[in-house]
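Welcome! Take a look at the sequence and the model first, then read on.

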Amino acid sequence: MLGLMQDWPLRIHRIIDHAARYHPDRPIVSRAVEGPIHRTSYHEVRQRALQLAQRLIREGVAPGERVATLAWNTWRHLEAWYGITGAAAVCHTVNPRLFRGQIAWIINHAEDRLMLADLTFVPLLEAIQEQLPGVRRFIVLTDDAHMPATTLRNAVAYESWLAEADGDFAWAEVDENAAAGMAYTSGTTGDPKGVVYSHRSNVLHALAVNNGDFLGLRARDVVMPVVPLFHANGWAIPYSAPMAGAGLVLPGAKMDGASLHELLNGEGVTITAAVPTVWLGLLQHLDATGGSLTSLERVVIGGSACPRPMTEAFETRYGVSVAHAWGMTELSPLGTFCSLKPETSALAGDALYALKVKQGHPPFTVDMKITDDAGRPQPWDGATFGRLKVKGPAVAGAYFKAESKAILDEEGFFDTGDVATIDAHGYMHITDRSKDVIKSGGEWISSIEIENLAMGHPAVAEAAVIGVAHPKWDERPLLIVVPKAEAAVDGASILAYLDGKIAKWWMPDDVAFVSEIPHTATGKIQKTALREQFSAYRLPGL
Ligand code: AMP
């Protein structure tokens with residue numbers, strides 16, 4: 001017997017239709033790439049997305065064809081997300097921070113035929129367009145007045161190109177399982193891998209993260225996604241914000257502390273989201289200027305581990321609550337949020353901050369397990385490490401053009417490549433990437449935990465821990481530190497600071513000082529580069 005409810009496929013355009021109908025005038029504020037602050041609304045975004053969908057079809061875009069974007073967070077990029085999927089095409093967000101060769105590889109692998117790009121990236125595209133024979137037209141996200149002279153193939157200014165359509169258009173009918181979006185993982189080894197989101201997975205994911213214990217957006221929120229739309233499905237904020245009718249503030253190309261501070265206070269932002277390095281910049285700016293955060297209630301921190309001093313700084317000095325989140329491109333991307341449960345809500349002070357270092361528990365639609373290398377489930381005791389595996393309707397089942405290659409275990413779980421513990425209350429704590437974990441005497445040492453603790457030392461600006469070869473123990477931890485500019489510091493004082501906070505056998509064998517730690521295009525510490533840099537290094541006494 002079938003249920004007797006309506007057939008209402010989960011298509012992405014329904015999100016912007018909902019926002020335009022019930023929250024039409026909600027402000028969408030952007031720092032335009034051309035400079036000034038630009039203001040629009042959900043009503044207008046929908047109208048222009050319809051125009052874009054119509055114009056794309058007139059351009060010859062076929063259902064399922066990939067249309068690429070190379071753009072900052074602005075209203076035009078938001079329109080592109082809805083316009084491209086509304087034409088039954090696939091919105092492929094390309095990360096401009098990758099190496100040029102990698103960008104070209106990704107565009108060719110995805111077989112992008114049209115490219116919508118910000119002014120910033122015109123020189124980059126001019127330099128690689130010979131390697132992109134498949135792209136038939138470059139549409140520059142600007143108006144005629146700002147359009148530069150360019151050699152880009154069939155280049156046109158977005159505004160005049162868009163104006164050739166009137167928006168009298170009905171969204172393309174697509175199956176809810178049809179592809180809607182695409183993002184490549186920025187793997188540190190091997191070729192990037194294409195993750196393909198569907199209409200259904202994106203709608204379900206946005207519904208899941210809008211629950212109260214997770215992103216939980218409301219119509220009265222003003223959300224500033226600093227995380228770029230080209231990182232991991234934009235942390236799904238382009239879907240979850242209009243779904244809730246929340247206002248949006250889009251910071252464009254400027255993500256330094258002063259520019260973000262100006263938007264946060266000036267536009268009444270209540271919730272914002274980005275990787276820890278962005279927040280390091282904001283906190284340094286606030287500390288240096290004595291500034292405050294006048295409207296911000298919550299800051300979502302993820303993409304790499306949020307160090308405890310950062311959580312304490314936001315919460316105790318600026319009155320902003322921190323939500324530590326974990327996710328990955330393959331998870332659409334949010335996997336867990338560290339929000340309180342009845343079992344943890346009485347925690348305060350030290351115990352509360354110790355909890356907030358964890359990545360948290362998953363929303364409905366994400367199922368987790370930890371296993372040993374042989375696939376045996378590990379106990380949820382908060383101490384036993386295991387490979388973290390996940391399952392759900394918004395978790396990748398295969399990569400683009402590798403559909404026949406199994407990436408799931410026999411129970412249908414995807415191996416995240418992270419190593420984690422899970423405690424009795426279901427809070428997951430990432431201890432490492434599996435390839436970064438330090439194996440000493442057959443036991444695992446968490447590099448992230450040592451890094452987090454070291455960051456609490458007053459003279460440490462940034463810390464990274466890698467394993468270096470040891471004849472007896474296989475590997476021992478080496479702590480690599482970027483000291484704060486004004487600080488005089490020595491290794492012994494940092495080791496003394498760690499003493500008593502970690503097991504004796506976790507203690508780094510040495511501390512090395514560097515002026516900079518390399519980061520990947522998505523802001524993560526690049527351990528492969530560090531291991532290379534320190535490949536000739538010998539531990540003291542060896
Ligand atoms: P990406 O697909 O580029 O978003 O990278 C996903 C990876 O980032 C995860 O598999 C983790 O290794 C790492 N990651 C994301 N969020 C966190 C977090 N809160 N703490 C530690 N690692 C994180």
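Two strands count as paired if DSSP finds at least two bridges between them. With that in mind, please note that this is a predicted model. The points below visit a sheet, a pair of helices and one histidine.

- An open sheet is built from 7 strands in the order 7-6-5-3-4-8-9, and its pairing is mixed.
- Strand 7 (156-157) and strand 9 (193-198) are the edge strands, each pairing on one side only.
- Strand 3 (residues 66-70) and strand 4 (residues 90-93) run parallel and are joined by 4 bridges.
- Opposite Val67 you will find Cys91 in strand 4.
- Lying across strand 8 (179-185) and strand 9 is helix 7 (residues 199-209), which runs at about 75° to strand 9.

- Helix 3 (residues 75-86) packs with helix 8 (residues 237-244) at an angle of about 90°, and their axes are 11 Å apart.
- The two helices, helix 3 and helix 8, are therefore roughly perpendicular to each other.
- Leu78, Trp81 and Tyr82 of helix 3 make the contact with Pro238, Tyr239 and Pro242 of helix 8.
- Sorted by class, this contact of helix 3 with helix 8 has 6 nonpolar residues, no polar and no charged ones.

**A closer look at His457**
- Look for His457 in the loop between helix 13 (447-454) and strand 22 (460-470).
- Is His457 buried or exposed? His457 counts as buried because its relative accessible area is 9%, and the cut-off for buried is under 20%.
- Leaving aside residues up to four places away in sequence, His457 touches Val489, Ser493, Ile494 and Tyr497.
- With one of these, Ser493, the side chain of His457 forms a polar contact of 3.2 Å to the Ser493 side chain.

How values were computed. Residues are numbered from 1 along each chain as its sequence is written. This is a predicted model: local features need pLDDT of at least 70, side-chain atom pairs count only at pLDDT 80 or more; totals for chains, interfaces and linings use all residues. Side-chain values use heavy atoms; hydrogens and water are left out. Contact means heavy atoms within 4.5 Å. Axes are lines fitted to C-alpha atoms, for helices over the stretch in contact, and angles run from 0 to 180 degrees between N-to-C directions. Buried means under 20% relative accessible area, exposed over 50%, partly exposed in between (1.4 Å probe, protein chains only). A polar contact is a pair of N or O atoms within 3.5 Å; within protein, one must be able to donate a hydrogen and the other to accept it, and residues adjacent in sequence count only if both atoms are side-chain atoms. Angles under 35 degrees count as roughly parallel, over 145 as roughly antiparallel, 65 to 115 as roughly perpendicular and the rest as oblique. Ala, Val, Leu, Ile, Met, Phe, Trp, Tyr, Cys and Pro count as nonpolar, Asp, Glu, Lys and Arg as charged, and the others, Gly among them, as polar.
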